[in-house]
Structure formats: C-alpha cells, structure tokens
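Me: Please go through this model with me by question and answer. I would like each term given with its cut-offs.

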Amino acid sequence: MTISNDADRANLIEAGKRLAGVLAALRAKAAPGVSSDDLDTLAETLIRARGDEPCFLGYMPEGAGRAYPATLCVSINDEVVHGIPNEIPRTLKAGDIVGLDLGLKHHGVIVDAAITVPIGTVDEEAMKLLSATENALAAGIAAAKVGGRVGDISRAIQQEIEGAGFSVVKELGGHGVGRRVHEEPFIANFGKPGTGEALEEGMVLALEPISSAGKSSIVLAPDGYTFRTKDGSRSAHFEHTILLEKSGARIITA
Ligand code: MG
C-alpha cells in the first residue's frame with residue numbers, strides 16, 4: 001500500500017509495534033524442548049489478545065493448493081521459509097537455527113516481519129549466516145530511498161550475503177504489503193542498482209533477505225509450503241516492514 005493519510009500511517013505504526021512485541025515474545029520462548037506448535041499457539045494468542053488478526057492463517061498464496069494452516073511460519077535449519085508449525089510439530093534442540101515469520105492485521109493494515117534465532121549454542125557458521133543475513137536486511141533498508149529503484153535494494157542485499165561467502169535464495173523475496181499479505185512490487189534479493197520499479201514516498205514494503213550457507217537451489221516439500229535447500233545446507237531469513245519517507249526508510253516492525 002501507499003500511505004496517503006494520517007489514520008493509515010498511525011495504524012501502520014501501531015501494527016508494527018504490536019508485531020515486534022509478538023516476535024520478541026517468540027524469541028524469548030524459543031529454547032531447547034519447546035515445540036513449533038507451542039510457538040504458533042503463543043503467536044496466535046498474543047495477536048488475538050489485543051484484538052488483531054493473524055494474517056497468514058487461512059491465507060491462500062497465488063498458486064497454492066490449499067490455505068496456510070497456521071499463524072506462524074517456523075523454518076528449522078535447512079528449511080528456508082514457510083515451515084508449518086502445527087501439523088507435524090517439531091521440538092527445538094540446541095544448535096538449531098529457527099526462522100520465525102509472522103504477519104498481523106491491525107485496523108485493516110497488514111505488517112510482516114521475520115527473525116532467525118539460534119537455539120542454545122550454535123556453531124560458528126550458523127552465527128555467521130545469521131549475522132550476514134541480518135546485515136543484508138540493514139543494507140537493504142539503507143538502500144531503500146525515495147527516488148531510487150527496487151534494484152538498489154536488491155543489489156545491497158545481494159552484496160552483503162555473497163560478500164560473506166553465502167548464497168542468495170533467488171526464487172523468494174520481498175514485496176509490497178499493507179492491504180494484502182503480498183502486493184507489488186516483488187523485491188528480488190539480487191539485482192542491479194538503478195533498475196526496476198521506482199521507490200516513492202509512502203510505499204510500504206516488506207524486505208526479506210533469504211540466504212543459504214551452501215548452494216542457492218530450493219525444493220518444495222510435499223506439504224505444499226515448506227521450502228528446503230536442495231543440498232541440505234542451512235538457511236536464514238530476516239524481514240522488516242518499512243515505510244518510505246522523504247528522510248529515508250522508517251522501520252515499522254523494529
Ligand atoms: Mg514477507
């Protein structure tokens with residue numbers, strides 16, 4: 001969506017604060033012995049307790065064979081994104097890295113964010129993968145400027161991930177958000193600066209670098225949602241919803 005009035009702007013900012021609060025609670029809860037289903041239940045409970053709606057639950061992405069069955073996506077180790085937490089619950093264990101991706105709707109405005117968290121102590125490669133992917137998100141946000149192009153964001157994200165020796169997952173990427181879970185433009189995590197759609201004041205975008213410690217190829221599991229790396233290497237994912245303002249990108253889900 002493009003923000004054009006104070007009411008939408010206020011709702012967007014409040015939605016982002018609420019989502020950040022839920023993700024912080026999930027981060028605190030994620031520990032060895034906790035199940036993915038526990039995390040999903042906590043996410044849904046916290047969202048509904050404040051009168052908001054989970055917006056992944058029941059969502060039907062383009063091309064999907066069925067609606068998404070949970071509030072949260074929980075993607076563990078070689079799972080890239082869209083891991084289903086509640087159909088076959090998984091128990092987190094020390095050494096895992098776990099992607100938590102969540103969207104909520106507050107007064108008609110949708111926001112989307114994700115973190116990847118280490119469970120207990122993880123190895124050095126996992127820590128490097130997490131920090132490179134988080135740095136890529138920061139670089140993408142810094143490159144998101146009114147008057148620029150989508151490709152500026154794409155290139156900044158790619159440089160950060162590849163510069164750290166990891167791969168960009170090419171099939172997935174960021175998107176517009178606000179009225180619907182996925183809006184135009186698609187924001188690839190690789191590309192050329194100065195190309196693609198123009199970045200305009202008031203645009204609401206979800207930036208989401210998705211990386212792999214090995215090769216970039218991914219495969220879709222029989223559940224129709226969970227993407228895994230083809231070579232079994234681990235993957236990380238960080239996401240913020242941002243608002244483009246004249247002075248720069250404002251992080252809505254910080
Ligand atoms: Mg997203």
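**Sheets, metal site and voids**

Me: Five strands form an open antiparallel sheet; in which order do they lie?
Reply: The model is a predicted one, in which local features need pLDDT of at least 70, side-chain atom pairs count only at pLDDT 80 or more, and totals for chains, interfaces and linings use all residues. Residues are numbered from 1 along each chain as its sequence is written, and side-chain values use heavy atoms, with hydrogens and water left out. Strands (E, at least two residues) and helices (H or I, at least four) are DSSP runs numbered from the N terminus, and two strands pair if DSSP finds at least two bridges between them. The pairing in this sheet is antiparallel, and the order is 8-7-9-14-15.

Me: Which strands are at the edges of this sheet?
Reply: An edge strand here pairs on one side only. The two that do so are strand 8 (183–188) and strand 15 (248–251).

Me: By how many degrees are neighbouring strands of this sheet turned against each other on average?
Reply: Axes are lines fitted to C-alpha atoms, for helices over the stretch in contact, and angles run from 0 to 180 degrees between N-to-C directions. For this average, direction is ignored, and the value is 30 degrees.

Me: What is the bridge partner of L207 in strand 14?
Reply: Strand 9 (residues 204–207) pairs with strand 14 in the antiparallel sense over four bridges. The partner of L207 in strand 14 is H240.

Me: Which helix packs on this sheet, and what angle does its direction make with that of strand 14?
Reply: Contact means heavy atoms within 4.5 Å. Helix 1 (residues 6–29) touches strand 9, strand 14 and strand 15. The direction of helix 1 makes an angle with that of strand 14 of about 150 degrees.

Me: Which residues coordinate the magnesium ion?
Reply: Donors are N, O and S atoms within 2.8 Å of the metal (3.2 Å for Na, K and Ca); water is not among the atoms, so sites may look incomplete. The donor residues are spaced D-x62-H-x32-E-x30-E in sequence. At 2.2 to 2.3 Å, the ion is coordinated by D112 (OD), H175 (NE2), E208 (OE) and E239 (OE).

Me: Are H175 and E239 buried or exposed?
Reply: Buried means under 20% relative accessible area, exposed over 50%, and partly exposed in between (1.4 Å probe, protein chains only). H175 has a relative accessible area of 3%, and E239 has one of 1%. On that scale H175 is buried, and E239 is also buried.

Me: Three strands form another open antiparallel sheet; what is their order?
Reply: Strand 6 and strand 10 (residues 210–212) pair over two bridges in the antiparallel sense, and S167 stands opposite S212. The order of the three strands is 6-10-13.

Me: How many bridges join strand 4 to strand 5?
Reply: Strand 4 (residues 97–106) and strand 5 run antiparallel and form a hairpin with two residues between them. G99 has T116 in strand 5 as its bridge partner. The number of bridges joining strand 4 to strand 5 is ten.

Me: How much space lies in the largest pocket?
Reply: On a 1 Å grid over the protein atoms alone, a pocket is an open set of points with protein on both sides within 12 Å along at least five of seven lines, a cavity is a set where a 1.4 Å probe fits but cannot get out, and lining residues have an atom within 4 Å of a point. Grid points are joined across faces, edges and corners, and a volume is the space filled by probe spheres set on the points. The largest pocket is lined by 32 residues, of which Y59, P61, E62, H82 and H182 lie nearest its centre. Its space is about 840 Å³.

Me: Which strand gives the most residues to the lining of the largest cavity?
Reply: The largest cavity has a volume of about 30 Å³. Its lining consists of S75, E79, V80, G99, T116, S235, A236 and H237. With three residues, the strand that gives the most is strand 13.
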